[in-house]
Amino acid sequence: MSFSSLVQDLSLRDPNAPRRRGDASVSTIDDRASRTSHISRAMSYASTAATSVSISGDISSQLHGGYAHPLARSWQAERQLTKSMLIYPLFVSDNDDEEVLIPSLPNQYRRGINRLVPFLEPLVHKGLRSVILFGVPLKPGTKDALGTAADDPEGPVIRSIRLLRQRFPQLYITVDVCLCEYTSHGHCGILRDDGSLNNQLSVDRISDVALAYAKAGAHCVAPSDMNDGRIRAIKLKLIEEGIVHRVTLMSYAAKFSGCLYGPFRDAAGSCPSFGDRKCYQLPPGGRGLARRAIVRDINEGADIIMVKPASQYLDIISDAKELGKDLPVAAYQVSGEFAMIHAAAKAGVFDLKAMAFEATEGILRAGATIIISYFVPEFLDWLST
Ligand SMILES: [Zn+2]
């Protein structure tokens, strides 16, 4: 035994030796192979002393063995991404034959109703379980102060609900409920003369729209408007109509204002013509406010609580899971999150697939079990391999 081997062996066995601990955590197979002769000589010397270390020393620090194998690594997660957790957003316009790429939202298209079935058929075949529909009225003169077109029986959303229910009986149809795509001013409700939101009128109107979607066959209605009291109003109308037993009510309970919705507004044509949505969407720092909104919507009858955006609000997802222990929690990985991941992957910062999984696993870890994401088509492939 040379003196250098002896020194290396002592550092191997010393849990406080910083250099060896750092080496061990980052060592690769190649590193280890190149040190084989060193270490085997050292270990032959250490064989008797190691027994005393393992008996008398602290062995709770030895974690690597628990996740050395890929399967054992996957077992560390409380929940793992499955296809049934995914909801795919679809933008459906009133131009029945169009299929138009949305420039700011990579690989995402706005489609007319005639393009839906051919697009969805292969995805359903790969295991797509759910979509969320957003209507995009493009025809001139469609928008007005009341968002009248939102529940037009001949509008793209209601026609799409009927078509998809008929063509894909196993597909779960969620429908976003809001007025901003349909109002001339682009806000998520009905306004007073001074431009502020009239909460009562907005709730009356939005609950009528939700009811129309539910009656057309939507499995789930998801109000995204953030008006106070709309969950209760929708639930009451579903009860009065006698269809509450078959319609899920998913609340965008904690929807934060911010700059991550830009590509979505390009896609949906829902940018406000004046002002912003800060009087009804939550301020990014408002954790307590988000908790109050979540509790309120649970008490008003929400079946699912949603947090939006997702990756910037993991603490809120965690809060939602804590406050709504008995409810599923959904998270919407919004257009800006999706576009950022694409942009960074394109710039060589990371691999797209690896980051898509990492971001999604973070959202699951925080407490969500439903993920609304533009990555769904890719995940259907990735989760199959
Ligand atoms: Zn809206």
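Me: UniProt annotations may be inferred rather than shown by experiment, and their positions follow the numbering used here. With that in mind, which residues does the "binding site" annotation cover?

Reply: Happy to start there. This is a predicted model, and the "binding site" annotation, which comes from an unreviewed UniProt entry, covers Arg265 and Arg277. Arg265 is part of helix 10, residues 262-268, while Arg277 sits in the loop between helix 10 and helix 11.

Me: Why is Ile372 called buried?

Reply: The cut-off is 20 or more other C-beta atoms within 10 Å. Ile372 has 26, and therefore it is buried. This residue lies in strand 10, residues 370-372. Among the residues Ile372 touches, not counting those up to four places away in sequence, are Ile87, Pro89, Ile132 and Tyr332. Val334 is 38 residues from Ile372 in sequence, with 8.0 Å between their C-alpha atoms.

Me: How do you know that the span of helix 8 agrees with its number of residues?

Reply: The expected span is 1.5 Å times one less than the number of residues. Helix 8 has 18 residues, so it should span 26 Å, and its end C-alpha atoms are 26 Å apart, which agrees. Gly217 follows helix 8, with a positive phi near 125 degrees. Buried residues of helix 8 include Val203, Ile206, Val209 and Leu211; their cover includes helix 7, strand 5, strand 6 and helix 9.

Me: What describes two packed helices, and how do helix 12 and helix 14 cross?

Reply: Packed helices are described by the angle between their axes and the distance between the axes. The axes of helix 12 and helix 14 come within 8 Å and cross at roughly 35 degrees. Helix 12 contributes Leu314, Ile317 and Ser318 to the contact, and helix 14 contributes Gly362, Ile363 and Ala366. These residues divide into 4 nonpolar, 2 polar and no charged; Gly counts as polar.

Note on methods: Residues numbered from 1 in each chain as written. Predicted model: local features only at pLDDT ≥ 70, side-chain atom pairs only at ≥ 80, totals over all residues. Helix = DSSP H or I, 4+ residues; strand = E, 2+ residues; numbered from the N terminus. Axes fitted to C-alpha atoms, helices over the stretch in contact; angles between N-to-C directions. Contact = placed C-beta atoms within 7 Å. Buried ≥ 20, exposed ≤ 12 C-beta atoms within 10 Å, placed from the backbone.
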